[in-house]
Every structure is written in structure tokens, then in C-alpha cells.
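This report describes the fold, the pockets and cavities, and several individual residues of one protein model. The sequence and structure come first.

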Amino acid sequence: MKANAQNHNGDDKISKVVSKSSIRQNFTIRSYEVDANGIASIETLMNYFQSSIIDHCNTLGIHVDAAGSSKEMIKRNLVWVYSEMQVWIYRYPKWDDVVEVETWLSSEGKNAARFNWIVRDFKTNQMLNRASSVCVLMNKLTRRLSKIPVEVRREFESYLKNSRIIIEGDDKKIPKLDDTSADYICLDLKPRWSDIDINFHVNNAKYVSWILESIPESILMNYELSSLTLKFKRECKRDSKLQSLAEVCSDNNNNNNNNNVEYNHMLRSEDGVEILRGRTEWRLKPTNNFDIFNHDPEASIKDL
């Protein structure tokens with residue numbers, strides 16, 4: 001049964017163990033987690049995703065530290081890092097709303113794993129968001145990617161679920177941007193000490209903040225983010241100086257019948273080294289920010 005609402009964001013956050021592969025966890029949207037519109041920020045949702053997958057694996061007995069590493073991973077100095085991520089947002093929860101985040105793991109080739117999430121309204125069970133990420137192993141001493149050792153795979157394989165989130169446009173190529181192709185460039189971005197996580201690299205939510213820096217204020221004021229795709233190319237170092245580039249690839253003045261706006265993004269270091277590519281899609285802000293889509297949650301699950 002679901003946990004009592006008084007326990008949200010407390011010590012006992014696991015609301016339901018659906019199976020050995022799937023767990024649901026509750027979060028209450030706090031005042032410091034909302035943006036100027038009073039709704040949960042995309043960075044808040046990204047942090048929920050990361051927190052819930054670690055708590056999920058801790059509950060299953062796979063992970064044994066705050067970084068989400070298993071016993072065999074710790075022996076080999078290995079940590080999980082995102083390779084790519086897709087997020088779809090149907091409705092943003094508001095301040096003091098309670099959301100239920102369902103997480104599960106699925107296989108993704110020989111040397112990766114896929115983490116999946118569905119966010120639902122705790123009261124109505126309406127699906128609000130869905131997300132999926134491909135994660136690979138990195139050696140935290142050499143900072144190089146690693147194959148998944150047999151011993152590590154054995155720790156996870158019995159918990160892998162044979163289904164994953166379907167994200168529309170997953171195979172759509174994101175072009176590399178430069179000074180000529182970009183419509184907007186934001187300079188002099190730099191990680192702060194508070195942006196560094198326990199694995200000594202920049203928290204994933206920070207990358208989202210940086211790509212949003214190159215979005216025009218007119219879009220931020222009148223539109224809301226409806227989908228996000230990230231392709232991570234390399235780590236951002238503590239002393240990096242970054243530039244955020246954005247290219248308008250569709251808007252409501254360019255053969256767009258649904259009033260959506262779409263941007264391609266790139267983060268690069270000051271010397272031109274590519275850090276990340278991304279794509280964002282934006283829709284006009286609704287008057288009540290509710291029931292934007294009538295979407296069937298089950299339609300987003302694909303049995304492989």
C-alpha cells in the first residue's frame with residue numbers, strides 16, 4: 001500500500017515495492033524546488049530521478065554507497081554516468097503537490113544500462129512526466145569509460161525489467177553547433193563548487209541549467225519546457241569555462257501548426273571542446289497548467 005502522505009521526503013520514502021524490478025517513491029514539492037511560475041523546476045525533476053534510482057537500488061540491496069555504486073563497482077573504482085537522457089513533461093507539479101516516482105532498470109546492450117522513470121500525481125495517479133536514460137560505467141580514478149565487468153553485471157541482471165520507456169524522436173539527430181549556426185550564445189559559464197557531486201563531476205541537473213541560459217527571455221516568459229533530450233559527450237571539469245549555444249530549429253512562425261518552439265543546443269568549453277548536445281521543445285504556457293495532454297501511461301511502455 002502507499003505510504004501515508006506525512007512521510008514524503010522523510011526517512012521512509014519508498015511507498016510501494018511493485019516487484020523486485022520496480023519501486024515507487026514519494027516526493028513533496030518544496031517551496032525552494034519551484035520556479036518563478038510556482039511549478040517544479042526541470043532541475044528539481046532531474047534531481048528526483050537521480051535520487052529515486054539510487055534509493056531504488058539501495059532498497060534492492062544492489063547499491064551500498066551514496067554514489068550508487070555496488071560492492072563490485074567499488075572494488076574497481078567504477079561509477080555510473082549518464083550517456084544520454086530523454087524527458088517528456090505533460091504537466092508540472094506545483095508547490096506542495098505530492099508526486100510518486102516509479103523507477104526500474106532495463107538492459108541496454110552489453111556495456112550500458114537503462115534507467116526508467118514515470119512520475120504520477122500521488123492523489124489522482126495521472127502521469128505527469130516520463131524519462132529514460134542510458135548509463136555507462138566510468139573509472140573515477142582514470143575518468144575513462146569502462147566495460148561492465150561480469151561480476152557487476154551479475155549484481156544487476158536479476159533486477160532488470162524487460163521493458164523501457166518509449167521516447168518519441170529518440171533517433172532524431174542533434175547537429176553540432178558553431179558560431180555560425182547558433183542563434184544565441186551565452187559565454188563565461190563556470191561550475192561552482194556546489195555543482196560538484198560525490199563522484200567529483202558536475203551534477204546532471206546543472207547541464208540543464210546551462211543550456212537554458214541560451215534560451216531567449218521571451219520564450220522563458222511565455223512558454224514552458226515540454227521535452228528534453230541530452231547527449232553527453234564528455235565530463236565538465238571543475239575549472240572549465242563553458243559556452244552555451246542554441247539554434248532555433250522550429251518556431252510558431254515557421255510552418256509550425258501547434259505553436260511549439262524547438263531548439264538545438266550545445267555546451268562547449270572555451271577552447272571549443274564539445275561537452276554536450278541537446279534538444280528542447282517548448283509549448284505555450286497554459287492558463288491553468290493542468291490536463292495539457294490526455295495521455296495513457298500504459299501506452300508509453302514497450303515490452304522488448
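## Overall make-up

The model is predicted. Its protein chain holds 5 helices and 14 strands. Of the 304 residues in the chain, 54% count as buried.

Residues 24 or more positions apart account for 69% of them.

## Strand β3 and its partners

Strand β3 covers residues 78-89. It is mostly covered, with 11 of its 12 residues buried. Two pairings of β3 are described here, one with β6 and one with β10.

With β6, β3 pairs in the antiparallel sense over 11 bridges. Within this pairing, E84 has V134 of β6 as its bridge partner. The pairing of β3 with β10 is also antiparallel and runs over 5 bridges. There, M85 is bridged to L230 of β10. In a regular strand, side chains alternate between the two faces of the sheet.

## The largest pocket

The largest pocket has a volume of about 830 Å³. Its lining is made of 39 residues, and V81, Y82, M138, H201 and E235 lie nearest its centre. By class, the lining comprises 21 nonpolar, 9 polar and 9 charged residues.

Which elements each supply at least two residues of this lining? They are α1 (42-60), β3 (78-89), β6 (127-139) and α4 (204-212). Among the elements, β3 gives the most, with 4 residues.

Two or more residues of the lining come from each of α1, α5 (217-222) and β10.

The largest share of this lining, 3 residues, is supplied by β10. Divided by class, the lining has 10 nonpolar, 2 polar and 4 charged residues. Helix α1 contributes to this lining and also to that of the largest pocket.

## Enclosed cavities

Rolling a probe the size of a water molecule over the atoms shows where empty space is left. How many cavities of 30 Å³ or more are there? The count comes to 2, and the largest cavity has a volume of about 90 Å³.

The residues lining the largest cavity are W80, S107, E108, A112, A113, I148, R153, F156, E157 and L160. Helix α3 provides the largest share of this lining, with 3 residues. The lining divides into 6 nonpolar, 1 polar and 3 charged residues.

T229 lies in strand β10, which spans residues 223-232. Is T229 buried or exposed? It counts as buried because its relative accessible area is 11%, under the 20% cut-off. Leaving aside neighbours within four places in sequence, T229 is in contact with M85, Q86, I174, R277, G278 and R279. One of these, M85, is the residue whose bridge partner in β10 is L230.

P149 is placed in the loop between β7 (145-146) and α3 (150-157). With a relative accessibility of 17%, P149 is buried as well. Apart from neighbours within four places in sequence, its contacts are R76, L78 and L137. P149 and R76 are 73 residues apart in sequence, while their C-alpha atoms are 9.2 Å apart in space.

## Cysteines

The structure holds 0 disulfides. For comparison, a disulfide requires two cysteine sulfur atoms within 2.5 Å.

C57 is buried, since its relative accessibility is 0%. C186 also counts as buried, at 18% relative accessibility.

Note on methods: Residues are numbered from 1 along each chain as its sequence is written. This is a predicted model: local features need pLDDT of at least 70, side-chain atom pairs count only at pLDDT 80 or more; totals for chains, interfaces and linings use all residues. Side-chain values use heavy atoms; hydrogens and water are left out. Buried means under 20% relative accessible area, exposed over 50%, partly exposed in between (1.4 Å probe, protein chains only). Contact means heavy atoms within 4.5 Å. On a 1 Å grid over the protein atoms alone, a cavity is a set of points where a 1.4 Å probe fits but cannot get out, and a pocket is an open set with protein on both sides within 12 Å along at least five of seven lines; lining residues have an atom within 4 Å of a point. Grid points are joined across faces, edges and corners, and a volume is the space filled by probe spheres set on the points. Ala, Val, Leu, Ile, Met, Phe, Trp, Tyr, Cys and Pro count as nonpolar, Asp, Glu, Lys and Arg as charged, and the others, Gly among them, as polar. Two strands pair if DSSP finds at least two bridges between them.
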